Amino acid sequence: MDFLKLAQDRYSCKKYNPDKAVPQEVLDKILKAGQLAPTAKNSQPQHIYVMQSEEALQIVDKLTPCRYGAPLVLVVTYDKNQEFTYPGDKYTSGAEDASIVTTHMMLAAAAEGVDSCWLNFFDPDKAAEAMNLPENEKVVLMLDLGYAAEGVRPTPTHEKTKPMEELVSYR
């Protein structure tokens, strides 16, 4: 599939078919895409929690109203002891590393015909506490994965983009 078409067609799914699971071999490909994603200094500080048991999904549902019936959710974290610190000692790479890993997984999912929704409508500290994560692990986001329920379409704003000249400057 053409990459730009894949990127254009992919949308945030807001209602999943809860009866259609993502096959393990497809999930493995999605997770592999995350493993292959570039991270600062290739430190790979990310950790992915596959939330798919009834108990795990109940934790997710207590943290956010945005699971939309997805049969599984990837919780993406990073280890702050493994993140890169930029020159100047003000900024670190953990959140951006977790984000690029998630972007790779999200697009790999789309290439496999799996729908997704990037979630950030939750309190990361409460998520870490509810999941009983070690203190050095920081939750960045959640990614719903599954197959769209029948009739689900992108939101009306999906195809709205700013003009390129507002987004890009040549110097």
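Analyst: A salt bridge is a side-chain nitrogen of Lys or Arg within 4 Å of a carboxyl oxygen of Asp or Glu. This is a predicted model, in which local features need pLDDT of at least 70 and side-chain atom pairs pLDDT 80 or more, while totals for chains, interfaces and linings use all residues. Residues are numbered from 1 along each chain, and side-chain values use heavy atoms, without hydrogens and water.

User: Which residue meets lysine 29 in a salt bridge?

Analyst: Lysine 29 lies in helix 2 (residues 24-36), and its partner sits 83 residues away in the loop between helix 4 (94-111) and strand 3, so that the pair links distant parts of the chain (helices, H or I of at least four residues, and strands, E of at least two, are DSSP runs numbered from the N terminus). With N to O at 3.7 Å, the partner of lysine 29 is glutamate 112.

User: What separates aspartate 9 and lysine 5 within helix 1?

Analyst: These two side chains form a salt bridge whose closest N and O atoms are 2.7 Å apart. Because aspartate 9 and lysine 5 are four residues apart in helix 1 (residues 3-9), what separates them is about one helical turn.

User: Is arginine 67, which meets aspartate 61 in a salt bridge, buried or exposed?

Analyst: The side chains of aspartate 61 and arginine 67 come together at 2.7 Å, N to O. Aspartate 61 has a relative accessible area of 37% and is therefore partly exposed (buried is under 20%, exposed over 50%, partly exposed in between, with a 1.4 Å probe and protein chains only). At 16% relative accessibility, arginine 67 counts as buried.

User: How many disulfides does the structure hold?

Analyst: A disulfide requires two cysteine sulfur atoms within 2.5 Å. For cysteine 66, the nearest cysteine sulfur is that of cysteine 117, at 6.9 Å. Cysteine 66 is buried at 11% relative accessible area, and cysteine 117 is buried at 2%. The number of disulfides in the structure is zero.
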